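Me: I'm new to this one. Could you show it to me, and then let me ask how you know what you say about it?

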Amino acid sequence: MLLGEFELIHRYFSSPKLQPSRRDVYLGMGDDCALISVPEGKQLVVSVDTSTAGVHFLPESPAHSIGWRALAVSLSDLAAMGAQPAWFTLALSLPEVDEEWLSGFSQGMADLAQEYGVALVGGDTTQGALSMSVQVHGYVTPGAAWKRKGAQPGDLIYVSGELGKSACGLRKAKALLEAQQALPDLAMLNTAEASAETDMLRAYLYPKPRFDLIPILSSRAATAIDISDGLLADLGHMLSASGVGANLDPTRIPCFNKEHGDTSQVFQDALAGGDDYELCFTVSPQRRLELEVSAEQSGVRLYPIGVVTSQQGIRGLHEQSLTASGFDHFKGNT
Ligand SMILES: Nc1ncnc2c1ncn2[C@@H]1O[C@H](COP(=O)(O)OP(=O)(O)O)[C@@H](O)[C@H]1O
Ligand SMILES: Cc1ncc(C[n+]2csc(CCOP(=O)(O)OP(=O)(O)O)c2C)c(N)n1
Ligand SMILES: [Mg+2]
């Protein structure tokens, strides 16, 4: 018998893994709204992102990856503000009821939700083209969130990891599908031998929000943004919000596959590929040492890539202007 809307919600979206018990959830899914208590003295932090088949993920991806990824890209915005993740809602649009797909999708979302103790507190399920919007909620101490505005000339610019990996993963995933091969899910990636190929597929299919950076950056970073559209585009948003520019040292940009890939492609992927979900942030020179000591103590590698300037625009070595603009839904990837 075909599963109806309400049985579907109950069967796939009410597992304890998606609803870890949280004392701050007074009323979770099942009512017209959820009722939540924001911890005393904290500010609520809210963000939403949509993932659409063919635009944000390949429809042939394992359902487990689609569920994981949809939550991960939304959580990444909370990490970029330095917020503790707590609750989320899911608006899901499905062309049809496919129970095997739903089981994988909800399991992928639950695996990530459980990792951060975030609770699914409500949502909406409709029939339509495959797409999902995940609204995430977290909290910060008032005044502690990192914003895009606030970078000052002289501040150092860092990124938190190798860039361009996910763009390589997307190309690899498309090549596998063209060769009629299935894309791996997390279990397969975890048992596969470590290689550049598994690394890039993991980056695209299973991105991880960088909440591990919060204790290292808190009270040290002046501004932060996550790299979803590409380094130059997202750094550009941060610099424009702050009314400043930047000089970058391209040799210090951590490019994935630097030793093995075609140099101009590797560089283009790192500057404008997008989907990396690393953080780009600024730190005043006075805080540099304590930041680097804290990162080293935590075993986290940070990459200084340039310096904020009062002159607007982003320049590379020898004043060369860097203009690759990254992902734009309406202009394409330029
Ligand atoms: N349709 C919309 N209505 C209101 N605000 C929007 C809309 N689309 C985007 N925004 C806001 O514009 C800003 C930039 O959006 P976006 O590029 O999607 O940010 P992010 O990369 O952090 O997801 C964010 O503050 C976002 O909340
Ligand atoms: C099938 C597929 N094609 C292309 C991409 C590349 N891509 C799609 S959207 C995007 C940018 C991030 O998405 P957006 O909706 O702009 O997220 P936000 O910046 O709001 O977090 C990128 C790099 C992809 N992830 N999947
Ligand atoms: Mg967005």
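Reply: The shell around ligand 2 takes at least three residues from each of domain 1 (5-140) and domain 2 (156-333), with domain bounds coming from an automatic or database domain assignment. This is a predicted model, where local features need pLDDT of at least 70, side-chain atom pairs count only at pLDDT 80 or more, and totals for chains, interfaces and linings use all residues. Residues are numbered from 1 along each chain as its sequence is written, while chains are lettered from A and ligands numbered from 1 in the order in which they are written.

Me: What is the average pLDDT of the chain?

Reply: The chain averages 95, on a scale of the predictor's confidence in each residue from 0 to 100. A score of at least 70 is reached by 98% of the residues.

Me: Which residues come nearest to ligand 2?

Reply: L58, S228, G274, D275 and F327, out of 13 around ligand 2. A residue counts as near if its C-beta atom, placed from the backbone, lies within 6 Å.

Me: Why is strand 10 called largely enclosed?

Reply: Five of the five residues of strand 10 (residues 279-283) are buried, so the rest of the structure largely encloses it. Buried means 20 or more other C-beta atoms, placed from the backbone, within 10 Å of the residue's own. Strands here are DSSP runs (E, at least two residues), numbered from the N terminus.

Me: What makes strands 8 and 10 a pair?

Reply: Pairing takes at least two DSSP bridges, and strand 8 (residues 221-226) has five with strand 10, antiparallel. In strand 10, C280 is the bridge partner of I225.

Terms used:
Buried ≥ 20, exposed ≤ 12 C-beta atoms within 10 Å, placed from the backbone. Helix = DSSP H or I, 4+ residues; strand = E, 2+ residues; numbered from the N terminus.
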